[in-house]
Amino acid sequence: MSTLPDLERELLLAARRAAASRWPWRRAGALALTGAALLAAGAGAATQFGNIDEGATASGRYQIARAADESGGICLNLRFEGHRPAYGCSDRPDAQHPFGLVVVESSEQSDERIIYGLAAAQVARVDVLGDGDERTPAIPRQAEDLPGRFFSVTVPDRGRIELVAYDAADRELARLGSRAEPTAPVHSLAELRAQGNPIGFAAGVATADAVEYRGRSLTPDEASRRELTCAHNQDVVRCYDTKQQMEAAESQGR
């Protein structure tokens, strides 16, 4: 994505602010974004293709679909009913890189997280590691027009993230992330993912062409220049001067 550096800086700042390893943006009726992330999120997935998967959590029903990526990579959208889609984009998986795109979607309305993505053709199983010896398997499957095999799994929303890929003979092919506490600061999204920090796997959010601010329409560029705090609420994006103003408006149902 051409705007990845902007989104990467925003996520790194969020990671340094957050003591807990949890996606700092909220999807509890609305999803908060600061200006830089608003621009970065709006430039990714465009055309959406047919659905790949669907399911439900305490946050409601969702669908996962492929979306176009002008850079030649691959993008997947996850959309909860009543919300704009969240998406992730990445390179295609191959024999040297068994894990391609991996996205983690969390919600304050639920104690679950959805982990979904693409694995190389030789990956027969993906295990999501949890507390102690806890493992949740996902069986990748070929989906139409996807480069690689699609997998998704719902697991408890806690701790760091670690995934293990196995071939059909149950041989380990690759690991992604880690459940161990980090011992070094992070300087990139790749390092966040290597440390298993959910922020490193967080989805972007497709924005509208215009946002609402004090009853009038602004472009996402103008919202970014003003450093506004914006919230996605169904198909409306409303921006506020401060996070406190946004939360007050939400509490009043506006």
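Tutor: Let's start with a word we need: two strands pair if DSSP finds at least two bridges between them. Strands themselves are DSSP runs of E, at least two residues long, while helices are runs of H or I with at least four residues, and both are numbered from the N terminus. Before going on, note that this is a predicted model, where local features need pLDDT of at least 70 and side-chain atom pairs count only at pLDDT 80 or more, though totals for chains, interfaces and linings use all residues. Residues are numbered from 1 along each chain as its sequence is written, and side-chain values use heavy atoms, with hydrogens and water left out.

Now the sheet. Four strands make up an open sheet in the order β6-β7-β11-β10, and their pairing is antiparallel. The edges belong to β6 (99-106) and β10 (141-142); each has a single partner strand, so one side of each lacks a neighbour in the sheet.

Next, look at Thr57, which sits in strand β2 (residues 48-57). Contact here means heavy atoms within 4.5 Å. Setting aside neighbours within four places in sequence, Thr57 is in contact with Tyr62, Phe80, Ser110, Glu112, Ile114 and Thr154. Is Thr57 buried or exposed? Buried means under 20% relative accessible area, exposed means over 50%, and partly exposed is in between (1.4 Å probe, protein chains only). With a relative accessible area of 14%, Thr57 is buried.

There's also one disulfide in the structure, the term being used for a pair of cysteine sulfur atoms within 2.5 Å. Its partners are Cys75 and Cys89, with sulfur atoms 2.0 Å apart. The link is right-handed, with 105° about the S-S bond. Cys75 lies in strand β4 (residues 74-80) and Cys89 in strand β5 (residues 86-90), so the pair ties together parts 14 residues apart in sequence. Cys75 is buried, at 0% relative accessibility, whereas Cys89 is partly exposed, at 21%.

Finally, zoom out. The protein chain has five helices and 18 strands, and of its 254 residues 52% count as buried.
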